[in-house]
Amino acid sequence: MSASLFCWPASLPLMTAPIQLSAGGSLYERIGPEALAALVTRFYTLVAQDPDLSPIFPADLTPTAQKQLAFLTGFLGGPPLYHQNFGPPRLRARHVPHAITPTRGRAWLACMENALQDTPQIGEAEARELHAALARVAAHMVNTPDDDGTPDGKVGQLLSID
Ligand code: HEM
């Protein structure tokens, strides 16, 4: 992995790495709807407090959290709630109006890591898999260099979010 790739930490997976699938059903089934909802609530509580993220999010994060929960439900193998309610996610296009810098990408993932740690209903294996999958999507959302000129770089293709 190239260290120059928009300063994405070398420990995070690239888009081209296959997502690990485990036995025992979809991640959605293994995590369950209640734990997923708790995770999303905690995540946006942290986003609202994050100095890098809060300026680009609306003050009322309730609709954002509802959309995220709908998206993650389908993304992890549950009912396709986002598609049903809001149409094709086309996530990268929906993020284009927002300046998603590498710094904000890392901040987003840090909030997710902390939210996962604060959601003990989600087991360690599931938390690890979820984080790996989200790290790939987050890398794909980066669309703006940092102020210091660090380029966003080319992040490749991700088929499952459209
Ligand atoms: C990389 C860092 C990211 C940043 C800084 C970021 C930021 C944002 C912002 C500012 C919005 C608009 C909120 C609103 O107006 O309601 C948004 C919407 C959304 N984001 Fe992200 N996002 C990131 C990564 C992700 C990832 C990894 C996912 C999916 C796993 C995701 C899923 C969504 C969804 C589903 C929406 C709602 C889209 C809609 O308007 O229908 N975002 N995000």
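**Ligand shell and helix packing**

Modeller: At least two residues of the shell around the ligand come from each of helix H3 (62-75), helix H5 (91-95), helix H6 (102-117) and helix H7 (124-141). The model is a predicted one, in which local features need pLDDT of at least 70 and side-chain atom pairs count only at pLDDT 80 or more, while totals for chains, interfaces and linings use all residues. Residue numbers start from 1 along each chain as its sequence is written.

Biologist: How many residues surround the ligand, and which are the closest?

Modeller: The ligand is surrounded by 22 residues, with Thr64, Phe71, Trp108, Val137 and Ala138 the closest. A residue is near a molecule or strand if its C-beta atom, placed from the backbone, lies within 6 Å of it.

Biologist: How is the shell around the ligand divided by class?

Modeller: There are 14 nonpolar, 5 polar and 3 charged residues in the shell. Ala, Val, Leu, Ile, Met, Phe, Trp, Tyr, Cys and Pro count as nonpolar, Asp, Glu, Lys and Arg as charged, and the others, Gly among them, as polar.

Biologist: Why are H2 and H6 called oblique to each other?

Modeller: Helix H2 (residues 33-49) and H6 pack at about 135°, with their axes 8 Å apart. Axes are lines fitted to C-alpha atoms, for helices over the stretch in contact, and angles run from 0 to 180 degrees between N-to-C directions. Angles under 35 degrees count as roughly parallel, over 145 as roughly antiparallel, 65 to 115 as roughly perpendicular and the rest as oblique. H2 and H6 are therefore oblique.

Biologist: Which residues make the contact between H2 and H6?

Modeller: Leu39, Arg42, Phe43, Leu46 and Val47 of H2 make the contact with Cys111, Met112, Asn114, Ala115 and Leu116 of H6. Two residues are in contact if their C-beta atoms, placed from the backbone, lie within 7 Å. This contact has 8 nonpolar, 1 polar and 1 charged residues.

Biologist: What makes H2 oblique to H3?

Modeller: The axes of H2 and H3 cross at roughly 140° and come within 10 Å. That angle makes H2 oblique to H3.

Biologist: Why are H6 and H7 called roughly antiparallel?

Modeller: H6 and H7 pack at an angle of about 165°, their axes 10 Å apart. The two helices are therefore roughly antiparallel to each other.

Technical notes. Helix = DSSP H or I, 4+ residues; strand = E, 2+ residues; numbered from the N terminus.
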